[in-house]
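Look at the fold below.

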Amino acid sequence: MTVSAERILRDPSSVDTPQLIVSEEILHRNIAEMAAFAKSINVQLRPHIKTHKSIEIARLQMAAGAVGITCAKVGEAEVMVNEGDIDDVLLAYPIVGAKKYERIVKLMEKARIAVAVDSATAIEMIAQAMTRHERVIDIYLEINTGQNRSGVMWGDEAVRFAQDIDRHPNLRLAGIMTHEGHVAAFDPDEISKQAIAAGEKMVQTAEMIRSHSINLPTVSVGSTPAARMTPTVAGVTEMRPGTYVFNDSSLFRFGDQWGVEDCAARFVATVVSRAAADRCVLDAGSKTLALDPNAGHKGYGYIVGHPDVIIDRLSEEHGACVLPEGEEGFEIGDTVEVIPNHICPTINLMDRMAVVRDGEVVDYWQVAARGRVQ
Ligand SMILES: Cc1ncc(COP(=O)(O)O)c(C=O)c1O
């Protein structure tokens, strides 16, 4: 069988499959490079932990200089604060619901918690909850800079929401935030143009808010594809990339900026069926790889060392591959390393990850916030 030099696990028989493996070397490098970049442009780094959901990795990010972490859900924050002793969390998600505010108030006893909002209703609900509990909470107003998902429109609309937050004594407007997830292009100049435009909308909005005598310390942006660009706009103070710790094959759509050597997390999978010469089945289906499509590489994952093999169909436990004529390494019992299309939902399917150092598994880390979607 062909073993590619790009594989990270030397002896695949040392794990049962499918197994999520993480290269400690690539992980450490990704964390260190982003931390150094943030420092070099004097912007605070607040990584989004949805990508790894692991206490060990959150701690590595904090040790590398992160000011705190970003979570989407209260459940993720509970794990990171209660089990991981992380003391500064932004919930960069519209948090709506009385039960959630109760849980946030509990967390505020142990950590600084900031919450994103993008509606008058949520502002009112959080203000009432905080008033009842005699607490003041930090608020990030979420801004839509082009992704058209959540967030109030940058500019005038954002100013009106900032004024609304500012008039509540139990809310403190800590910042504005955007997820510039719409920034995507093959051409690096085009990505840069889109990313800078998002950063400029944020800074302009911040200046408009401040011109109404409202204090606004933080201007926060967050995306891996745009991480080297949006935060460079003068006036941006915080960045929240998530995917960068592991990277994934969806990033291959951005030309040669990301490659196999940047991808820390992979699956070791075994060929379990070879019913025809031109197809085989890996033991990694949609319950392992998740069903996200990929604009950068055909199929449901990138097989390291076999770029022309397409993982064509996923059923729950079957990864059905189309094999080019003469492709070696796909006999029954052979193993491959697969880089998932989108690592974040994939991680949420796993209980634990095997940590690989110098080609050997040296540890297993729990995906501690797995399934914490409430
Ligand atoms: C609100 C928010 N901030 C930051 C990020 C991080 O973006 P990326 O995964 O591209 O690093 C995301 C990703 O979904 C997000 O939703």
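Ala, Val, Leu, Ile, Met, Phe, Trp, Tyr, Cys and Pro count as nonpolar, while Asp, Glu, Lys and Arg count as charged. The others, Gly among them, count as polar. With that in hand, turn to this model, which is predicted.

## One side of helix α6

Helix α6 spans residues 156-166. Its buried residues include Ala 158, Phe 161, Ala 162 and Ile 165. These four lie on the same side of α6, because they cover an arc of only 105° around the axis. An α-helix has 3.6 residues a turn, so residues three or four places apart point the same way.

What covers the buried residues of α6? Among the elements that do are helices α5 (120-132) and α7 (188-210). Strands β6 (137-144), β7 (152-153) and β8 (171-177) are also included.

## Two domains

The domain assignment gives domain 1 as 12-22 + 252-366, and domain 2 as 48-241. Their C-alpha centres lie 33 Å apart.

Ten residues of domain 1 are in contact with ten residues of domain 2. On the domain 1 side, α9 (343-347) and β18 (360-366) each supply at least two residues. The largest share, three residues, comes from α9. This side of domain 1 divides into five nonpolar, four polar and one charged.

Methods:
Residues numbered from 1 in each chain as written. Predicted model: local features only at pLDDT ≥ 70, side-chain atom pairs only at ≥ 80, totals over all residues. Buried ≥ 20, exposed ≤ 12 C-beta atoms within 10 Å, placed from the backbone. Arc of directions from axis to C-beta. Contact = placed C-beta atoms within 7 Å. Domains from an automatic or database assignment.
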